[in-house]
Amino acid sequence: MKNHEGQCLCGHIRFRVEGRPTFPHLCSCRTCQRWSGAPTVAWVEFPIDRLVWTGEGGEPALYQSSQKTRRGFCPKCGGTVCAIDEGYDKISLTIASFDDASPLVPGKQHSYGKQAPPWWSVTIRRD
Ligand SMILES: [Zn+2]
Ligand SMILES: [Zn+2]
């Protein structure tokens, strides 16, 4: 199975993950927006037990963004890398943090699409 690797902005937090990526999707909820500073975040899920934190920073810092969810970021650069839901066997990783994000194409699901700003439209190219 192919490895996927990625990192935060500065590289202090790096990860390598194996297994099948699932549920690549977009989310424009207010929590994702405020967490990332962007109108929309692209996410993909992997089995949490197939992920290794390989950077010198080890695991990312975690912010409890809701009762069930912690969001991981780099304590040095603030780069946003993951979300972990309590009791869930997958980890959500930000597609944009992968070294090669090209095979990770969001599906039709755009969670909270109505919360995206009206000037922002997303077209997903599939070729
Ligand atoms: Zn960083
Ligand atoms: Zn969201």
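At 0% relative accessibility, F15 counts as buried. Here buried means under 20% relative accessible area, exposed means over 50%, and partly exposed is in between, with a 1.4 Å probe and protein chains only. This is a predicted model, in which local features need pLDDT of at least 70 and side-chain atom pairs count only at pLDDT 80 or more, while totals for chains, interfaces and linings use all residues. Residues are numbered from 1 along each chain as its sequence is written, chains are lettered from A and ligands numbered from 1 in the order in which they are written, and side-chain values use heavy atoms, with hydrogens and water left out.

## Rings that pair up

How many aromatic pairs does the structure hold? There are five aromatic pairs, where rings of Phe, Tyr and Trp (its six-membered ring) pair if their centres lie within 6.5 Å, with planes under 30 degrees apart called stacked, over 60 edge-to-face and the rest tilted. One of them joins F15 and W53 edge-to-face, with 6.1 Å from centre to centre and 85° between the planes. The pair links distant parts of the chain, as F15 is in strand β2 and W53 in strand β5, 38 residues apart. Strands are DSSP runs (E, at least two residues), helices are runs of H or I (at least four), and both are numbered from the N terminus.

W53 is buried too, with a relative accessible area of 19%. F15 and W53 also belong to a cluster in which ring pairs link F15, F46, W53 and F98.

W119 is exposed, with a relative accessible area of 65%, whereas W120 counts as partly exposed at 35% relative accessibility. W120 is found in the segment after β10 (110-111). W119, W120 and V122 make a nonpolar surface patch of about 350 Å². Patch members have over 30% relative accessible area and no salt bridge, and they are joined within 5 Å for nonpolar side chains (Val, Leu, Ile, Met, Phe, Trp, Tyr) or within 9 Å for like charges. The area comes from the Shrake-Rupley method.

How many salt bridges are counted? The count comes to four, each being a side-chain nitrogen of Lys or Arg within 4 Å of a carboxyl oxygen of Asp or Glu. In one, E5 pairs with R14, the closest N and O atoms being 3.2 Å apart. In the other, the side chains of R14 and D99 meet at 2.8 Å, N to O. R14 lies in strand β2 (residues 14-17) and D99 in the loop between β9 (90-94) and β10, so this pair ties together parts that are 85 residues apart in sequence.

R14 counts as buried at 19% relative accessibility, while E5 is partly exposed at 33% and D99 is partly exposed at 48%.

R50 and E18 meet through their side chains in another salt bridge, at 3.3 Å from N to O. This pair also links distant parts of the chain: R50 is in the loop between β4 (41-47) and β5 (51-53), E18 is in the loop between β2 and β3 (22-27), and the two are 32 residues apart. R50 is partly exposed at 34% relative accessibility, and E18 is partly exposed at 30%. Through shared partners, salt bridges join E5, R14 and D99 into one network.

## Q33 in helix α1

Is Q33 buried or exposed? At 9% relative accessibility, Q33 counts as buried. Q33 lies in helix α1 (residues 30-36), and its side chain reaches the backbone oxygen of S28 at 3.3 Å. Leaving aside neighbours within four places in sequence, Q33 is in contact (heavy atoms within 4.5 Å) with S28, A38, P39, Q115, A116 and P117.

Most residues other than glycine have a negative phi. F23, which is not a glycine, has a positive phi of about 50°. F23 is placed in strand β3 and is partly exposed at 38% relative accessibility. Y112 has a positive phi as well, near 55°, and sits in the segment after β10.

Note on methods:
Accessible areas come from the Shrake-Rupley method with a 1.4 Å probe; for residues, only the protein chains shown count as cover. A polar contact is a pair of N or O atoms within 3.5 Å; within protein, one must be able to donate a hydrogen and the other to accept it, and residues adjacent in sequence count only if both atoms are side-chain atoms.
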